[in-house]
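Biologist: Hello! I am new to protein structures and would like to learn how to read one. Could you take me through it?

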Amino acid sequence: MKLLRINHLGIASNTLDDAAGRMLKLFGMEVEHIEEVASQKVKTGFYPVGPSTLEYLEPTDPASAVGKFLEKKGPGIHHVAFEVDDVDAAVKELLGKGVRMIDQTPRDGAHGARIAFIHPAETGGVLMELCQSAH
Ligand code: CMX
């Protein structure tokens, strides 16, 4: 597979309002898009930065992946997402190498993307996402 770019960095935040206040104060940036990903029990707020994006994540349930992360580690970088042109092929390639995937098949993410997570135990402690954009 070829990693095309860093599509986004996911940042865990207690609330999207808190993130919005910081982005406005620091960089004069307003949120471009807010979307709830019900399957992940998370609300996302997107801030484009050149060819990439910051994706703030607010848990809608403390027992969700982001809720547990916040409880354990506090706010901060949660995952890095790489753009690929064929996420199905990329996941098959990794499974073929015996890599521990959180998602054995890609699933729907925010912005109509199809995504799959690699377990952080495989990556040196960073949660990595493969992402195929809708456009
Ligand atoms: N980055 C790095 N390590 C992480 C992590 C993260 N974001 N989240 C958890 N971990 C680590 C923990 O520190 C822990 O490590 P140790 O065993 O060394 O202590 C280990 O993973 C297990 O952590 P846990 O708190 O017991 O959590 P779970 O095993 O229940 O789940 C994980 C961990 C990564 C499998 C789970 O968070 C997951 O499935 N994540 C993928 C989905 C996701 O994150 N969704 C939110 C974003 C959705 C979106 O952007 O659309």
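This is a predicted model: local features need pLDDT of at least 70, side-chain atom pairs count only at pLDDT 80 or more; totals for chains, interfaces and linings use all residues.

Biologist: Let's begin with a helix. Which residues of helix α3 are buried?

Modeller: In α3, which spans residues 87-96, the buried ones are V87, A90, V91 and L94. Viewed down the axis of α3, they fall within an arc of 95°, so they line one face of the helix. K92 and G96 are exposed and sit on the face turned away from that buried side.

Biologist: What do the buried residues of α3 pack against?

Modeller: Their partners are two strands, β7 (114-118) and β8 (127-132).

Biologist: And what can I find at the two ends of α3?

Modeller: At the start, a side-chain oxygen of D86 comes to within 3.3 Å of the backbone nitrogen of D88. Just after the helix, G98 has a positive phi of about 80°.

Biologist: Now a strand residue. Is T44 buried or exposed?

Modeller: For a single residue, check its relative accessibility against the cut-off, where buried means under 20%. T44 has 1% relative accessibility, so it counts as buried. T44 belongs to strand β3, residues 42-49. Leaving aside residues up to four places away in sequence, its contacts include L16, H33, Y56 and A110.

Biologist: Finally, which residues come nearest to the ligand?

Modeller: There are 17 residues around the ligand, and Q40, K68, K72, H78 and G125 come nearest. To read such a site, look for N and O atoms facing each other. A nitrogen atom of the ligand is 2.7 Å from an N or O atom in the Q40 side chain. One oxygen atom of the ligand has a polar side-chain atom of K68 at 2.6 Å. For K72, a side-chain N or O atom is 3.1 Å from a ligand oxygen atom. Taken alone, the ligand exposes 950 Å², of which the protein buries 68%.

Key
Residues are numbered from 1 along each chain as its sequence is written. Side-chain values use heavy atoms; hydrogens and water are left out. Buried means under 20% relative accessible area, exposed over 50%, partly exposed in between (1.4 Å probe, protein chains only). Helices (H or I, at least four residues) and strands (E, at least two) are DSSP runs, numbered from the N terminus. The arc is that of the directions from the helix axis to the C-beta atoms. Contact means heavy atoms within 4.5 Å. A polar contact is a pair of N or O atoms within 3.5 Å; within protein, one must be able to donate a hydrogen and the other to accept it, and residues adjacent in sequence count only if both atoms are side-chain atoms. A residue is near a molecule or strand if one of its heavy atoms lies within 4 Å of it. Accessible areas come from the Shrake-Rupley method with a 1.4 Å probe; for residues, only the protein chains shown count as cover.
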